[in-house]
Amino acid sequence: MTSVTLSSEIHPELTEYVVKLMLKNRINTVFDFAKAEDDRLMRITNLSYEDVSAIKKDIILQFSGNSIQVVEYFQYLEEMVEPLRTGIRGLDLLIEGGLLPGHVMEICGESSSGKTQMCTTMAANIALKHKLDVFYVDTKCDFSAHRVQKVLQLNKCSDDEMKEAMARIKVERIFSPEGLICAMEDLLVKVDDWEKFKVLIIDSLPPLWYLHQNSKSMCYPLGMLTRLIGLLRKLASENLISVVLVNLKIASSDSYALGGGSKRIINQRESSAYPALGRFWETAPTTRILMSKIEGNDTGQERLLTIWKCSFLKCGDRQMVTLTDAGVV
């Protein structure tokens with residue numbers, strides 16, 4: 001709407017003479033016309049109030065977009081596509097069926113809480129059971145093909161099935177924010193030719209952006225975060241890709257917040273933890289799941305999954321999963 005130039009073809013009352021009068025008064029686009037006051041338009045064009053109102057109404061119907069509630073959008077997505085089951089029972093129950101195509105989900109937790117094991121299990125199950133390609137970005141150099149093999153062995157698949165499933169998991173190691181952004185830009189170009197690609201996993205984000213935590217200027221890392229958010233949302237929504245991100249849960253009283261300037265000094269009465277990358281990143285994923293150890297049972301293998309943030313699921317809902325040598329179940 002903002003870039004559509006006024007012309008006599010838009011509405012019968014917008015004659016060439018009327019259009020020239022408006023251009024002289026710097027009303028160049030349909031957006032300029034729609035936001036201009038009626039009295040001013042009447043003085044410039046000598047049109048009646050009824051004519052000006054009719055033109056505005058017609059322009060808005062022709063060129064403005066339709067707003068939709070977030071809940072309605074995800075209901076629409078659910079009607080279009082089936083959730084993609086991860087094969088991890090607790091996670092699938094928590095997110096009501098599995099990964100939602102067109103959706104950006106973040107798994108957040110403390111160090112050694114099992115986030116990477118969760119992602120590895122997810123990738124193996126999707127490659128085996130759905131026969132889909134998974135693009136796995138490894139920023140910590142801890143992706144383990146041996147661990148994937150164990151997950152597949154648990155599913156009692158044949159050697160041929162195991163080879164095919166492992167071949168569907170495309171792993172790329174990336175060591176800088178610039179490298180990640182370039183990889184996502186390349187993925188957007190190639191996604192149309194990659195027919196079976198439906199899941200993107202990035203494990204994990206903080207190691208890349210913490211390279212800049214002592215930077216005097218925050219503009220550079222924040223600019224890259226902004227670019228990454230746009231690329232991930234575009235990749236997900238336009239191609240119905242399920243995007244899974246891994247982030248770190250950190251203590252708010254003593255942690256560096258990339259989006260909040262220098263160190264944040266937070267009163268102990270406030271929330272004791274928040275997702276890494278700062279306030280700027282908190283709204284980036286549509287759904288954030290907190291993965292945590294059971295209180296008082298730090299050495300156990302059970303983990304608690306909690307909806308930490310979501311636009312269409314109830315925050316605070318919980319499910320249990322168990323870490324095993326053969327993945328997460």
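Ala145, Val148, Gln149, Leu152 and Gln153 in helix α8 meet Met162, Ala165 and Met166 in helix α9. Contact here means heavy atoms within 4.5 Å. The residues of this α8 contact with α9 divide into six nonpolar, two polar and no charged. Ala, Val, Leu, Ile, Met, Phe, Trp, Tyr, Cys and Pro count as nonpolar; Asp, Glu, Lys and Arg count as charged; the others, Gly among them, count as polar.

The model is predicted: local features need pLDDT of at least 70, side-chain atom pairs count only at pLDDT 80 or more, and totals for chains, interfaces and linings use all residues. Residues are numbered from 1 along each chain as its sequence is written, and side-chain values use heavy atoms, with hydrogens and water left out.

**Helix packing**

Helices (H or I, at least four residues) and strands (E, at least two) are DSSP runs, numbered from the N terminus. Axes are lines fitted to C-alpha atoms, for helices over the stretch in contact, and angles run from 0 to 180 degrees between N-to-C directions.

| Helix pair | Axis angle | Axis distance |
|---|---|---|
| α8 (residues 145–154) and α9 (residues 159–168) | about 135° | 10 Å |
| α7 (residues 115–129) and α8 | roughly 55° | within 9 Å |

The angle of about 135° between α8 and α9 makes α8 oblique to α9. α7 and α8 are likewise oblique to each other. Angles under 35 degrees count as roughly parallel, over 145 as roughly antiparallel, 65 to 115 as roughly perpendicular and the rest as oblique.

α8 passes α9 in a right-handed crossing. The crossing of α7 and α8 is right-handed too. A crossing is right-handed if the near helix is turned clockwise from the far one by less than a right angle, and left-handed if anticlockwise.

On the α7 side, Thr116, Gln117, Thr120, Thr121, Ala124, Asn125 and Leu128 meet Arg147, Val148, Val151 and Leu152 in α8. The residues of that contact divide into five nonpolar, five polar and one charged.

**Strand pairing**

Strands β7 (residues 287–293) and β8 (residues 302–309) pair in the antiparallel sense over six bridges. Two strands pair if DSSP finds at least two bridges between them. Serine 292 has leucine 304 in β8 as its bridge partner. β8 also runs antiparallel to β9 (residues 318–324), joined by five bridges. There, threonine 306 stands opposite arginine 318 in β9.

**Whole chain**

The chain holds 13 helices and 10 strands. Of its 329 residues, 47% are buried, meaning under 20% relative accessible area (1.4 Å probe, protein chains only). Among contacts with a separation of 6 or more, 65% link residues 24 or more positions apart.

Conventions. Buried means under 20% relative accessible area, exposed over 50%, partly exposed in between (1.4 Å probe, protein chains only).
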